[in-house]
Amino acid sequence: MLKPKIVVLAVKETKHILRDPRSLGLIFLLPVVMILLYGYAVNLDLKNIPVSVVDHDRSPLSRLIVEKMLNSGYFSITGQYGKVSEARRTIYSGRSFGIVVFPKGFATDAKRTRGTHVQFLLDGSDANTATIASNYFNAFISQLSRDPFYEAPLAVHSRVLYNPDLESVRFIVPGLAGVLLMLVCALMTSVAITREKEVGTLELVLTTPIRPYQVIIGKVLPYIVIAFLECLLIVGFAHLWFGVPVEGNLALLLFMTFGYLFCALSIGITISAAVNTQQVAMSLAMVTTMLPSVMLSGFIFPVASMPRPLQIISMCIPATYYLRIIRGIMLKGVGWAELWPNFAVLVGIGVFLIFIGMKKFSTRLS
Amino acid sequence: MNYDIQIEKLSKNFGDLQAVAEIDLKVARRELFGLIGPDGSGKTTLIRILVGLMRADKGSARVGGLDVATELFKIKENIGYLSQRFSLYPDLTVMENIRFYGDLFQVKKGEMREREKQLLAFSRLEPFTNRRAGALSGGMKQKLALCCTLIHVPGILFLDEPTTGVDPVSRREFWDLLDDLRNKGTTIFVSTAYMDEAARCDRVGLMYAGKLMAVDIPDKIPEKYPYHLLEVILAEPVTKAHLLESLPGVRSVQVFGDRLHVGVDRLEGIEDKIAKALEAQVVTRPELRQIRPGLEDVFVELIR
Amino acid sequence: MADEFIVTARGLTRTFGKFTAVDSIDFDVSEGEIFGFLGPNGAGKTTTIRILCGLLRPTSGECRVDGIDVRKKPEQIKQRIGYMSQKFSLYEDLTVGENLQFFGGVYGLKDAEITRRQKELFHLLSLGEVERQKTAELPLGWKQCVALASAVIHQPKIVFLDEPTSGVDPISRRNFWALIHNMAAQGTTAFVTTHYMEEAEYCNRISIMEAGRIIALGTPGELKKSFGKNSVEEVFVHLLIK
């Protein structure tokens, strides 16, 4: 039987694919992992949203409502505070997402016909979650108030802090900065180093009296500069074009950004130490940086709502920490005192990865 | 006697494959040593071990008196390496490539200018100083690569098949450069698959399947040929070779271009026997004479 | 018979912008001839071969391969030629058998034919039981033989060999050339480029190209005589040394 040439080529191509374990992994394993991972992460259902409570009334009713809030599963209580100003610090530092305030006389007013209200203060720096949380809280309270106990419906007075109009651009652009910077650094450096490996130019350099760390740092330095300029570009654009405020200290933001860039570069270096071709470097960089940074860092989908294993992964993603830094400084005016732990984590991850990357590099060459 | 390269029982395996099998070798200062052998014989692996790109599994090697396993960093200051692949930057110019390596070796500015001029003249690349390396022809690329390895004036030069795929004229020019370098004091360790280049070396090592089959000066290598060698000039030697293979007293028949090289035990009476065997198929009586075995004859016998 | 020659070229020229890669060359190749194509890199050899394979259109001049006009019907040429290059010929992750199956299929051979040719070629090349071996695991000399087999599986009238024995050990090289001679004896024309000057001696006729022009053409004997040299290499060096 005469085989059509198309079939001949297709058969050969299939053989190549089946014999390349990497392709197979990419085709079958990766999508499954991704679907599981992101299926759980991409979650517009809120769960365990951390809120603080300020109860001026301290009545059995207010306490009952708080208990019901907890039991609903939608919210988790960060703490109870005497004053709103105290509770605001939890939003400022990012520990909680909203504040539920019961005014004095809440219980007594509830039995009266004029009704009463609960105040809900929201962190507008994450406009997405804010909107959804607001809806949830409203629904929750309105369901509660159907209880015949209440003479009049309970009202919710919502107020959004830091981003009063809930402009999504304000919360997306800083997050975008985090993703883009990670991309530039990790992708570019991993590809640049593996490209030299592939072409063979790296080898020649290694026969000269040079230490591996000199090669790597020398190669990577221009990318730090480029990434830094890119950060300036993004922040400048965000501020001047989109009107995203810079409530906090710009110099602090730039300083802390260096920590993030350092971390991103170290990821790039580790990848390039482990792989030999640009293609694999790119795929690996994409999978380990871009996607998790978008999906699991809290950029769009709230981490608090994710299942515990994903939350743990989120803790390992540099973008998670940078997001807090950049949103904190730009939208909430947060300072060094609250943000330094995030910076420390970024630098720590960076140092750790560079250490591993360097070790791998040295052993390979000998 | 000063030995710039000392290799002792050096071995390297890749899984089951023995790439380098217990090599013992000494190369003296200012010697031009040629490692000859086909692809896959282990030449590249050996050189990569000597320049520190690979670690040997067993044995030891000293370059410039220093141990490759422990004093590699110091060794690198005194050696130059040219790999089979073109390893320079195609998007940088000739001058930029040379300067880059000069800076890596921390050559001082004054000396650098001096040497750049010399090297460009020496390799006849002056007219191409500002051309991108990627735009050079194959032969020129190799010359540029040579300049880059020489910018820091190394005492020992390692060249891995520098003339593969290059036409004979460019090859000759390249070897003229190597002669010149050796005369000026550089020790050169070069590998090649071209037998004719062996003749230009001070000493030659024949390598096959990871082993050194023979090491000697080119003139003495022929002595390793085990038989008497006869050359038979005739038409279409390839098709006639089989006629002689089963003749008693004939040990080997190899085709060499337009002639046959026949290895025989004894010379007496063999000419007539050969002529007779060829009679049926050859019209005119072929030219027959005894010749001195060449490198390739020896090599073929050693690996058979 | 239309042509006594299997390849003819008259005034064959190919330019790339201002650069003339092939400059008005003339030559003929007879059927069953082993034709050697020598010259430094960049002389125009590869361009010429591409034209002969139907991969590149000539800028001007005439060129016929097996009677087919290269300018008018390049696609038709492909079925009648085989091509083997030093840089790539086989798929490393396929077995020898799979490689031959593939090339056979690409040339439109039926399965039964492929099997038959495979047997013939294995016997001719004394390849033994390599059918199931992964190509990547073969020694270089054997790979070259398998590459040649895949280039001639469809019994082309002319086969182009681009530096086929580069780096191969001397014994395998001889075997390879013995094969070429066998094929030539059976009527296949071989067009070979090489940098090993002694291989040029094996050819029936050779041509030396430089800067797009043919500067010498004839049998090795003729060339040696007319330039008064003992080997093709010396002729080559004499002609090209500046």
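Predicted model: local features only at pLDDT ≥ 70, side-chain atom pairs only at ≥ 80, totals over all residues.
With what handedness does α5(C) pass α6(C) in their crossing?

Along the principal axes, the C-alpha atoms of chain A fill a box of roughly 85 × 65 × 35 Å. Chain A has 366 residues, and 38% of them are buried. When contacts in chain A between residues at least 6 apart in sequence are considered, 79% join residues at least 24 apart.

The five strands of the sheet in chain A are arranged in the order β2-β1-β3-β4-β5. The sheet is open, and its pairing is mixed. In chain A, the edge positions are taken by β2 (75–81) and β5 (155–161); each has a single partner strand, so one side of each is left without a neighbour in the sheet. From one strand to the next, the twist averages 25 degrees. In general, the strands of a sheet pair through backbone hydrogen bonds, in either a parallel or an antiparallel manner. The pairing of β4, residues 117–123 of chain A, with β5(A) is parallel and comprises seven bridges. Within this pairing, A:H117 has A:A155 of β5(A) as its bridge partner.

Two helices of chain A may be followed against this sheet. Helix α6, residues 127–144 of chain A, packs on the sheet and touches β1, β3, β4 and β5 of chain A. The direction of α6 makes about 165 degrees with that of β4(A). Helix α4, residues 84–92 of chain A, lies across β1 (49–55), β2, β3 (98–102), β4 and β5 of chain A. Relative to β3(A), helix α4 runs at about 160 degrees.

Chain A also contains a helix pair formed by α7 (residues 168–199) and α11 (residues 278–295), whose axes come within 9 Å and cross at roughly 165 degrees. Angles over 145 degrees count as roughly antiparallel, and α7(A) is therefore roughly antiparallel to α11(A). The crossing of these two helices, α7(A) and α11(A), is right-handed. On the α7(A) side, the contributing residues include A:G178, A:V179, A:M182, A:L183 and A:A186. On the α11(A) side, they include A:Q278, A:A281, A:M282 and A:A285. Sorted by class, the contact of α7(A) with α11(A) has 11 nonpolar, six polar and two charged residues.

The account now turns to the contact of chain A with chain B. Chain A supplies 12 residues to this contact and chain B supplies 15 residues. On the side of chain A that touches chain B, helix α8 (residues 201–206) of chain A gives the most, with five residues. The residues on that side of chain A comprise six nonpolar, five polar and one charged.

Chain B itself has 10 helices and 14 strands. The box filled by the C-alpha atoms of chain B, taken along the principal axes, is roughly 75 × 45 × 35 Å. Of the 304 residues in chain B, 44% are buried. Among the contacts in chain B with a separation of 6 or more, 69% are accounted for by residues 24 or more positions apart.

Helix α6(C) leads back to the opening question. It packs with helix α5, residues 140–152 of chain C, at an angle of about 20 degrees, and the two axes are 9 Å apart. Angles under 35 degrees count as roughly parallel, and α5(C) and α6(C) are therefore roughly parallel to each other. The crossing in which α5(C) passes α6(C) is right-handed. The contact is made by C:G141, C:Q144, C:C145, C:L148 and C:V152 of α5(C), together with C:S172, C:F176, C:L179 and C:M183 of α6(C).

Methods
Residues numbered from 1 in each chain as written. Chains lettered and ligands numbered in written order. Pairing = 2+ DSSP bridges. Helix = DSSP H or I, 4+ residues; strand = E, 2+ residues; numbered from the N terminus. Axes fitted to C-alpha atoms, helices over the stretch in contact; angles between N-to-C directions. Contact = placed C-beta atoms within 7 Å. Nonpolar A, V, L, I, M, F, W, Y, C, P; charged D, E, K, R; others polar. Buried ≥ 20, exposed ≤ 12 C-beta atoms within 10 Å, placed from the backbone. Parallel < 35°, antiparallel > 145°, perpendicular 65-115°, else oblique. Left-handed = near helix turned anticlockwise from the far one by under 90°.
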